[in-house]
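Good morning, and thank you for joining this group meeting.

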Amino acid sequence: MNGAYGQRMLEIARRAGLDARELAIPETEPVRAEHVTEVPSAKADVDAVGVVHCETTTGLLNPLAEVTAAIKAAGRLAVVDAVSSFGGVPMDLSGLGIDIMAGSANKCLQGVPGLAFVITRRGLLQPRPAVSPSLTLDLYDQWQEMERSPGKWRFTSPTHAVAALHEALCELVEEGGVAARAGRYRSSGELLVEGMVARGFVPLIAGEWRSDVVTTFLPPVPAFDVPAFYEGLKQAGYLICPGKTATVESFRIGSIGAIGPEVIGGFLDAVSGLMV
Ligand SMILES: *Cc1c(COP(=O)(O)O)cnc(C)c1O
């Protein structure tokens with residue numbers, strides 16, 4: 001865990017009745033192979049190790065290949081929360097050896113909220129009656145239903161969210177696929193960081209680990225009026241997120257979605273207008 005989503009994964013596991021252990025590292029540091037191998041190999045009874053790919057708390061992109069290789073080398077299942085990276089950060093799923101990966105429609109896939117999915121090995125979806133403590137979130141049951149009657153959910157199908165995801169996937173293909181989308185996010189992210197740094201703001205995460213999904217910035221001076229800054233940007237038509245870090249006052253700016261460098265340019269102009 002190096003952020004709120006790692007913490008959420010722990011809570012989800014515990015609420016599901018799993019004996020989950022926590023391994024927390026500072027929010028500004030990436031998860032590395034040594035974090036993964038040290039603790040789990042000391043505990044022979046660990047079945048699976050979970051990690052968040054892009055920690056949306058800070059925008060830190062954990063080194064997925066390094067971490068999953070360490071998990072597999074230790075003989076554990078690799079469980080990845082790729083909710084905020086799937087579709088916007090190239091990843092070679094089979095090459096990475098990921099066993100279970102969760103994503104959702106409403107981040108880099110640019111769909112609407114309401115649909116999440118898991119990509120896993122079929123072999124892990126064996127009939128194990130009532131393995132899920134939740135009826136609603138029983139993945140095996142859901143999969144079985146979809147195998148029996150393609151396109152059908154067990155309960156009311158989220159039709160609008162599915163139609164929106166289909167449209168969003170068509171748009172992803174039209175854009176040129178994940179590599180092209182990642183390129184656009186990179187251009188937006190670089191422009192954003194350059195522009196904010198030029199205006200005195202400081203990125204929380206070192207460049208090497210920064211994603212182009214969302215970026216956390218610290219204000220130029222401690223006395224900076226963050227609420228007035230949000231309000232001014234809102235008036236100008238831009239919504240940014242409060243920081244989610246536990247330790248310092250910060251805010252986050254997302255650069256994913258159907259926006260490009262021209263929108264970031266307009267945003268930076270709005271920031272300039274508030275700094276006079
Ligand atoms: C947004 C997010 C989630 C939760 O997704 P919801 O669509 O809000 O349910 C989980 N993990 C990460 C890394 C996220 O960014």
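A word on the basis first. This is a predicted model, in which local features need pLDDT of at least 70 and side-chain atom pairs count only at pLDDT 80 or more, while totals for chains, interfaces and linings use all residues. Residues are numbered from 1 along each chain as its sequence is written, and side-chain values use heavy atoms, with hydrogens and water left out.

Let us start with the ligand. Which residues surround the ligand? They are Tyr5, Arg8, Val52, Cys54, Thr56, Asp81, Val83, Ser84, Ser104, Asn106 and Lys107, where a residue is included if one of its heavy atoms lies within 4 Å of the molecule. Some of these also make polar contacts, that is, pairs of N or O atoms within 3.5 Å. Asp81 places a polar side-chain atom 2.7 Å from a nitrogen atom of the ligand. Lys107 has a polar side-chain atom 2.7 Å from an oxygen atom of the ligand, and for Asn106 the distance from a side-chain N or O atom to a ligand oxygen atom is 3.4 Å. Of the 380 Å² of accessible area that the ligand has on its own, the protein covers 72%; such areas come from the Shrake-Rupley method with a 1.4 Å probe.

I turn now to helix H6, residues 159–175. Helices here are DSSP runs of type H or I with at least four residues, and strands are E runs of at least two, numbered from the N terminus. Ala161, Leu165, Ala168 and Leu172 are buried in H6. For reference, buried means under 20% relative accessible area, exposed means over 50%, and partly exposed lies in between, with a 1.4 Å probe and protein chains only. The buried residues of H6 fall within an arc of 65° seen down its axis, so they line one face of the helix; the arc is that of the directions from the helix axis to the C-beta atoms. They pack against H7, with contact meaning heavy atoms within 4.5 Å. On the face turned away are the exposed residues His160, His166, Val173 and Glu174. After H6 comes Gly176, with a positive phi near 110°.

Finally, the single residues. Where is Arg181 found? Arg181 is in helix H7, and it is buried, with a relative accessible area of 0%. Beyond its neighbours within four places in sequence, Arg181 is in contact with residues including Gln110 and Glu175.

Gln110 itself lies in the loop between strand E5 (100–104) and strand E6 (116–120). Most residues other than glycine have a negative phi. Gln110, although not a glycine, has a positive phi of about 60°.

Gly243 is in the loop between strand E9 (241–242) and E10, and is partly exposed at 27% relative accessible area.

Definitions and conventions:
Polar contact = N/O pair within 3.5 Å; in protein donor to acceptor, adjacent residues only side chain to side chain. Expected span 1.5 Å × (residues − 1).
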